[in-house]
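Biologist: I am new to this one. Please show me the structure, and then I will ask about it.

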Amino acid sequence: MASLLDGKALAAQMQTELTEQVQALHAKVGRPPGLAVLMVGDHPASAAYVRGKERSCAKVGIASFGGHFPAETSQAELEQLIQALNQDDRVDGILVQLPLPDHLDAVALLNQIDPNKDADGLHPMNLGRLVRGEPGLRSCTPAGVMRLLEEYQIDVKGKQAVMVGRSILVGKPLALMLLAADATVTIAHSRTLDLGAITRTADILVTAIGRIELITPEMVKPGAIVVDVGINRITDGAGKARLVGDVQFETVQPIASWITPVPGGIGPMTVTMLLHNTVWSYRQRLNLTP
Ligand SMILES: NC(=O)c1ccc[n+]([C@@H]2O[C@H](COP(=O)([O-])OP(=O)(O)OC[C@H]3O[C@@H](n4cnc5c(N)ncnc54)[C@H](OP(=O)(O)O)[C@@H]3O)[C@@H](O)[C@H]2O)c1
């Protein structure tokens, strides 16, 4: 029976440590770290994520500078806003909450963010730094996965890792991070033939797919470490909504060695890495060594 990779517990511990660091740094520098989360439109899940991020910022002592803008806000207005935040010395991190309304070009907006304030690590400069193995801001969800594996002393070196999903947000950067940690990495996606044959080779199986419980026990190697990034909302017969992952948790847990729950696995780690990134760029910008 697999043990749990408890992202919720690690996130709570990291947030306590960040709160202490921020208190000490705030007293020394005279201002707290600042994060601007920009949300456009009324996507309900995004609104909940943004509220969660702002609550977490307040808890650890990071100042919030974000804003919620109407769906019809223009590209030019948002670009101006990002430029102003780039110039604002109180702001160390800027994040554009995705998805954006259809008339907006998300990539063009992300490219406007000062790479040294790119709290989500999605600017081409930071993705390039990741490819080259240079220090830089790393995407929050993949960084959260790596931090969780590290916490449980799961050494990925030399192991077969299968990454299902190749998005720029999760799959691609996470595959690169696993590679940097010396795993042998295979990336699978929607066009992969015989997905089960690939996933069964995995000592470490990571899923970022967005398909309800697609991964069933016959697709998992006994003893594998299973990290489920997927967050899917389902409604049961009584009309009650709950979250499930890409992995069929109840049937896969008995054959895996480690597994992340959904919720309580990677979700809390993602928010915590956002706070971590904001504090990291605050230190970098002020030349404060850790
Ligand atoms: N825990 C967190 O904090 C967190 C953060 C971000 C995302 N997520 C969740 O993670 C999931 C993925 O997010 P994302 O942004 O990476 O999504 P995405 O951009 O939609 O990418 C999904 C990936 O899964 C692949 N895929 C889709 N159906 C597949 C199938 N039947 N077999 C194999 N591969 C398949 C796609 O392949 P193609 O490239 O061929 O289309 C794509 O590469 C979602 O559930 C999202 O909510 C969670």
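Predicted model: local features only at pLDDT ≥ 70, side-chain atom pairs only at ≥ 80, totals over all residues.

Biologist: Which residue has a side-chain N or O atom 2.5 Å from an oxygen atom of the ligand?
Modeller: Two side chains are worth checking here. Thr270 places a polar side-chain atom 2.7 Å from a ligand oxygen. The 2.5 Å distance belongs to Ser167.

Biologist: Which helix gives the largest share of the shell around the ligand?
Modeller: The shell has 22 residues, with Arg166 and Ile231 among the closest. By class, ten are nonpolar, ten polar and two charged. The largest share is three residues, from the helix spanning 266-285, which is H10.

Biologist: Which residue with a positive phi follows H7?
Modeller: Helix H7 runs over residues 171-180, and its buried residues include Leu174 and Met177. Among the elements covering them are helix H5 and strand E7. After H7 comes a residue with phi near 75°, Asp182.

Biologist: How many Å separate the centres of domain 1 and domain 2?
Modeller: Domain 1 covers 31-114, and domain 2 covers 140-267. Taken over C-alpha atoms, their centres are separated by 28 Å.

Methods: Residues numbered from 1 in each chain as written. Heavy atoms only, no water. Near = heavy atom within 4 Å. Polar contact = N/O pair within 3.5 Å; in protein donor to acceptor, adjacent residues only side chain to side chain. Helix = DSSP H or I, 4+ residues; strand = E, 2+ residues; numbered from the N terminus. Nonpolar A, V, L, I, M, F, W, Y, C, P; charged D, E, K, R; others polar. Domains from an automatic or database assignment. Buried < 20%, exposed > 50% of the residue type's maximum accessible area, 1.4 Å probe, protein only. Contact = heavy atoms within 4.5 Å.
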